[in-house]
Amino acid sequence: MSLVFAGALSHAPGITGRAGRADPSLRASFYANLDRMRVALEAQRPDALVVIGAEHFANFFMNNMPSLCVGMADSYSGPIEEEGWLGIKRHKVPGAPELSQRLIVEMMQDVDLAYAQEWQFDHGIMVPLHFLTPQYELPVVPVNINCQGPPLIPLARCWAFGRALRRACDRAAERIAVVSTGGISHWPATPDSGKINEQWDREFLAKFLDNRRAELLAYTDEETHRDAGQGGFEIRTFVALAGCTEGSKAELWFYAPIPIFAVGCTVAVVRL
Amino acid sequence: MSLYYVQKLLFQLNRDPLVRKRYEADLDGLLQEYELTPEERTAIRSPDIGLLYVMGVNGQLLMHYAALRGFEWDAYIAALREGERRYGPVRTGLYVRARTAGS
């Protein structure tokens, strides 16, 4: 089969961990669209879910930092954070090791990857799974793009990765769903937490929704850091998804800055 | 600068239950295993969350250490602001504030 679903969503830990402190109507609307994404995902009857995330030092550290890493484990666990802090209970998440390996081997024709047979999920993957696969039954193939410890992979290489992922999915017999999860502008875990550059976010999202490759790849890290904060480096996850869905446009189901969640909360689905 | 080892200690503390146990049982012994300056050692032990932030510790590591030491979210953010007020701007890493032209 191939790619049957593609979307992008936010993963900030406040979405679940500080849920009670957000504007109730905004939160309800955001949660409703996350649930709408779950329904749309389930309607495609995927065999596996690839999650392109940007973790925050749960597994990967500067002693041996991969730019791109793909999970190949039998199962995963998370969250690594305190359950009370994140508002998500610890779960075992099924992997898809055989599919992972086929995707990795295929992608390695085009891009250099690390792989991992051990992986603990942090909020970066657990928050999306909490909303999209609340029973934690759908096998997951995690992907990490290093957006935390520079030097960071160039955006053009993220696009190339996404394209390689698509080619690998197209060669697989399984029905594969892909979601990317990252922030747009945000300054998480700093004194500026809660600051959101809505105008920058909306300009970026317009380019993402239209799959405008040249414009997406034109951002420099210097500009992103200045206008969108260090959290803005996570646009790499959007760029990878855009590469994976090259030529397809996406719909924005929800976008709103929710300061206590420290990010412009986003739900977008690609029209494949 | 041994910022790398400050961050490595916090990384291991966040993810490894055995390191967490050692932290609770023998903090001095654990600290000796990392190449840290006296200032870094004191900041971890105190803890001086604001100073660790100003030293350049990544917030994705630091917020979990702060939570471990009993800082609720608002107290964590307040500690970072207090750090900048007491010790000046962040010295290195991702949180160095962009300089305006001429500064």
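Some conventions come before the structure. Residues are numbered from 1 along each chain as its sequence is written, and chains are lettered from A, with ligands numbered from 1, in the order in which they are written. Because the model is predicted, local features need pLDDT of at least 70 and side-chain atom pairs count only at pLDDT 80 or more, while totals for chains, interfaces and linings use all residues.

Let me turn to chain A. Chain A has ten helices and ten strands; helices (H or I, at least four residues) and strands (E, at least two) are DSSP runs, numbered from the N terminus. Its C-alpha trace spans about 45 × 40 × 40 Å along the principal axes. For 272 residues, a compact globule would have a radius of gyration near 19 Å, and the 17 Å of chain A agrees with that. The radius is taken over C-alpha atoms, and the globule rule is 2.2 Å times the number of residues to the power 0.38.

Of the 272 residues in chain A, 54% are buried. A residue is called buried if 20 or more other C-beta atoms lie within 10 Å of its own, exposed if 12 or fewer, and partly exposed in between, with C-beta atoms placed from the backbone. Taking contacts in chain A between residues at least 6 apart in sequence, 83% join residues at least 24 apart; a contact requires C-beta atoms, placed from the backbone, within 7 Å.

Next comes the sheet of chain A. Eight strands form an open sheet in the order 6-3-7-2-8-1-10-9, with mixed pairing. Two strands pair if DSSP finds at least two bridges between them. At the edges are strand 6 (114-116) and strand 9 (250-258) of chain A, each of which pairs on one side only. On average, neighbouring strands of this sheet are turned by 15° against each other, direction ignored. Helix 2 (residues 24-43) of chain A packs on the sheet, where it touches strand 1 (3-9), strand 8 (176-181), strand 9 and strand 10 (263-270) of chain A. The direction of helix 2 makes about 150° with that of strand 9 of chain A; axes are lines fitted to C-alpha atoms, for helices over the stretch in contact, and angles run from 0 to 180 degrees between N-to-C directions.

With strand 3 (residues 68-71) of chain A, strand 7 (residues 140-145) pairs in the antiparallel sense over three bridges, and A:Cys69 stands opposite A:Asn144. With strand 2 (residues 48-53) of chain A, strand 7 runs parallel, joined by five bridges; here A:Ile52 has A:Val143 as its bridge partner. Six of the six residues of strand 7 are buried. Both faces are covered, by A:Val140, A:Pro142 and A:Asn144 on one side and by A:Val141, A:Val143 and A:Ile145 on the other.

I move to chain B. Its secondary structure comes to seven helices and zero strands. The radius of gyration of chain B is 14 Å, close to the 13 Å that the globule rule gives for 103 residues, so chain B is as compact as a globular protein of that length. Its C-alpha atoms fill a box of roughly 50 × 30 × 20 Å along the principal axes. Buried residues account for 34% of the 103 residues, and of the contacts in chain B between residues at least 6 apart in sequence, 69% join residues at least 24 apart.

Helix 6 of chain B has eight of its ten residues buried, among them B:Leu61, B:Leu62 and B:Met63. These buried residues pack against helix 1, helix 5 and helix 7 of chain B. After helix 6 comes B:Gly70, with a positive phi near 95°.

Finally, the contact between the chains. Chain B and chain A each give 20 residues to the contact. On the side of chain B, helix 1, helix 6 and helix 7 (73-87) give two or more residues each, and helix 6 gives the largest share, seven residues.

Technical notes:
Two residues are in contact if their C-beta atoms, placed from the backbone, lie within 7 Å.
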